[in-house]
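Work through the exercises below with the model at hand. Try each task before reading its solution.

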Amino acid sequence: MTGPLLLGVRHHGPGSARAVRAALEATVPDAVLIEGPPEADALLPLAAEEGMRPPVALLAHAVDDPGRAAFWPLAEFSPEWVALRWALERGVPVRFIDLPAAHSLAWAAADEAAAAAAETTEAAAAAEAAGGGAGPEPVAATHAAVAAVRSTVPALRSAVLAPDRPAPHPLRPSVTDPEWDAVPAAATRPRQPVPAPAARRIDPEWDVVAALRTAGPAAGLRTAVLDRPGTGPAADGEGDADGKGCPDAAEVRIDPLAVLARTAGYDDPERWWEDVVEHRHAGATGGGADTAPTAPTDPTAPFAALAEAMTALRAEYGHGGHERDLVREAHMRLKLRAARKEFGDSVAVVCGAWHVPALQERTTVTADRALLKGLPKVKAGTTWVPWTHRRLARRSGYGAGIESPGWYAHLFHAPDRPVERWLTKAARLLRDEDRMVSSAHVIEAVRLAGTLAVLRGRPLAGLGETIDAIRAVMCDGSDIPLALIQERLIVGDALGQVPDSAPAVPLQRDLTRIQRTLRLAPEALEREVELDLRKENDAARSRLLHRLRLLSIGWGEPVQGRAGTGTFRESWRLRWEPELSVRVAEAGVWGTTVRSAAVARAESRAADATELAEVTALAEDCLLAEVGDALPAVMRALAERAALDTDVGHLADALPALARSLRYGDVRGTDTAALAEVATGLVERICVGLPPACTGLDRDGAERMRAHLDAVHTAIALLPTAAELSGRWGAVLDRLARRDTVPGTIRGRAVRLLLDDGRLGEDEAARLMGLALSTAVPPAEAASWVEGFIGGASGGGLLLVHDERLLALVDSWLTGVPAEAFTDVLPLLRRTFSAYEPGVRRTLGELVGRGPAPAGSGRRGSTAEASGFGAGIDERRADALLPVVRLLLGAMDPPGAMDPPGGEPSAGEAPGGDRPDGGIPDGGISNGGVPDGRLPDTTPTGAGR
């Protein structure tokens, strides 16, 4: 080896990974340098431990602000990971050479400060222009602050660029980062904008010249790429002020891989990459991780050709719009010089292909150090954390990611016939989801994928061909099952693992210990778990999940489980995301264990809460998490907020959480006497303040107050002192129901609540409805009353079905609404009745369509002339059902128990029990002559049996 071996790669590219392994095996360097944060050098030996399983990521975070963090992800098919494992397996020294994370994280803080200062400048300038803003001094000071932040990166480009190197084209500031550099912890920095999916990271590949290899030697690459008609500087004239001389500048700024792909005649960079790299090396033999790839004779030839291609691109486009790349590359050159002094020229460098030309440049140490002088710096900590394939995907927010990590992992590991194996995986997945997929489907899908590849001129069926084949053969042309293929196979749900010896904050270690004790391992795939709080292990799991929610670690989210009103069962939806490791590091400032951290965090939140509802919700969370040590501070804050808050709406918002907390206390054995006292006080204050608060409300205010009314009514029923408070609450509802100044929706709701509780007779409820729907009441107000009384999904429709008087009143009022007012009340009525179940709406329509009941029918409410029901119960038909009911309940009738007295056949029944009309005899069922209450020897078949 006559000089350092520069291996330019595509990050997370299995083709690059195979080529790197082949080059390292052929050259056997004395040291390996990898693009990454040097602070993690001490962590590199952990990659060789048995407990390390990719995908994983290096996590760097500011020690003083753990939420300011960045990730460097690595998959098993990442070339950096392959180089790292190769060096560790052979005892070769391996180091990271990128700019330290201490500077990268400080730069991120500087960027945010600059953005905030710029916003302040714009706001001050706008206010000054409007005549009421700040004077020139604050604006000038803000401009100075922005300039100071921007000055952290000196403009020393001339010290780096060679004298004969052309100046780069002016580029837009929206250029994306061309590197595999740190992935910001976006979950902890929501204010940062997420890059658009189309603006992908510039990430040149190791084998961009593979498609051109057959056209001539690598020396002709510059001409092929830059001097192609329509793409070179001389296409439309060189040096145009508007940049028209370089029509491909926009593509290179966004994705140079797309430009190179288009040069080769492709419109899809990913498809081009598959054809020239993955399929050329996988081919029919697969080229997995443990098999010899079909590499060229000289394993380093592709990298040399790539270096020439990247040199040509960078000569044309410079640093790609990122001056900070010059600083990063200066640090890489310094590290490379130090390694050459220590190990000689037998050094291999694995980095993004975009950096290779910069590492080949001849620069001085003074110039490189000048670029690094005065950089901002923070104290940074590093560790390994698990990563997921979903986070490797570009669509999940990782700009330097790939479209299909699951597919690339398959190509990397498949020993042979990758297409056949891939389609077999797809068939197995669909079969597991109860879809009818057989071996014949797989065979036909393989044939179709191969045929599509031939028609499209591809060397091997790629991901697009396999997707089309799966859709046509296995999914019957439907895209719905393909969503499962996309999530579970193309992207994948792999979750990495790191050894216990990896550095971690004490809170993370405690969390890991609890997870193992409770057998609740984190998984990347979303799943639901049902917890029975009567079981000790499930109760401990519930405590852990609630404590993590107190710490803003959203591993689990409570969901609506099986139907029921009991408090002993919980349902959770769990999914572990890599960003949660940052959340754990952030929460480490509150304590060294999950419980102590949750207590400290709850106390802090109670002190910072500004609204009563926040404190009551926090009290509920504390009870669920069983952190009783935090309750005294929460109760003090609750008493203070409750004493000072006079808004009835706030009090009504706070009461339901307290009521639920009291119920949870019952099942969890928590002392809730203090909560009960506060809840009783809130109810007393609500009863006093609610009637005046319900007067003079507009429509929106009335809707909100109606919701408060329902919530308070439900909460009072859950309180231990419900018997004492229900009388006073009923009096408040009665006042609201009879006060004309209260909006109709609240009056109607109050009447309904009183009727449901049995505090208002049916006759009185009908009288109040008649008054509210009289002709003297405006139609809009009457419609509001109807909406409050029978609106929503609270059983109002069933009330009309079973009470004919109320249905008749509504029907009579509706038919009497004037035509000019009908359009005004129609939206309210439509909203009221649309909340009913379809069966309830159908029954109401049938009742109204049947017309009034015959006179003297005897039905309740017949005086209101509403019908649809028979005059009474048909006892003969009802008796015929009794044996079936007894059979379902497991009760056996003694022989002849249902026979008429004296053993004589009843009217309409022939001797022997047969009805002349062929129907079922009273007291029996038609089961082929089997006596009542006994099953036949054979199970009957047929629909509906």
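**Exercise 1.** Which residue in strand 8 does histidine 61 stand opposite?

Solution. The model is predicted: local features need pLDDT of at least 70, side-chain atom pairs count only at pLDDT 80 or more, and totals for chains, interfaces and linings use all residues. Residues are numbered from 1 along each chain as its sequence is written, and side-chain values use heavy atoms, with hydrogens and water left out.

Step 1. Find strand 8 at residues 380-386. Helices (H or I, at least four residues) and strands (E, at least two) are DSSP runs, numbered from the N terminus.
Step 2. Strand 3 and strand 8 run antiparallel, joined by 7 bridges. Two strands pair if DSSP finds at least two bridges between them.
Step 3. Histidine 61 stands opposite glycine 381.

**Exercise 2.** What is the strand order in the open sheet of 4 strands?

Solution. Step 1. The order is 1-7-2-5, with parallel pairing.
Step 1. Strand 1 (5-9) and strand 5 (94-96) stand at the edges with a single partner strand each, so one side of each has no neighbour in the sheet.
Step 2. Neighbouring strands are turned by 20 degrees against each other on average, direction ignored. Axes are lines fitted to C-alpha atoms, for helices over the stretch in contact, and angles run from 0 to 180 degrees between N-to-C directions.
Step 3. Strand 2 (residues 31-34) and strand 7 (residues 347-352) run parallel, joined by 4 bridges. Alanine 31 has valine 347 as its bridge partner there.
Step 4. Helix 2 (residues 79-90) packs on the sheet and touches strand 1, strand 2, strand 5 and strand 7. Its direction makes about 155 degrees with that of strand 2.

**Exercise 3.** Where is proline 93 placed, and which residues does it contact?

Solution. Step 1. Proline 93 is in the loop between helix 2 and strand 5.
Step 1. Its relative accessibility is 33%, so proline 93 counts as partly exposed.
Step 2. Leaving aside neighbours within four places in sequence, proline 93 is in contact (heavy atoms within 4.5 Å) with Asp30, Ala31, Val32 and Phe343.
Step 3. Proline 93 and valine 347 are 254 residues apart in sequence, and 9.9 Å apart in space, C-alpha to C-alpha.

**Exercise 4.** At what angle do helix 31 and helix 34 pack?

Solution. Step 1. Helix 31 (residues 762-772) and helix 34 pack at about 5 degrees, with their axes 10 Å apart.
Step 1. Glu762, Asp763, Ala766, Met769 and Gly770 in helix 31 meet Arg805, Leu806, Leu809 and Val810 in helix 34.
Step 2. Among the buried residues of helix 34 are Leu807 and Trp813.

Terms used. Buried means under 20% relative accessible area, exposed over 50%, partly exposed in between (1.4 Å probe, protein chains only).
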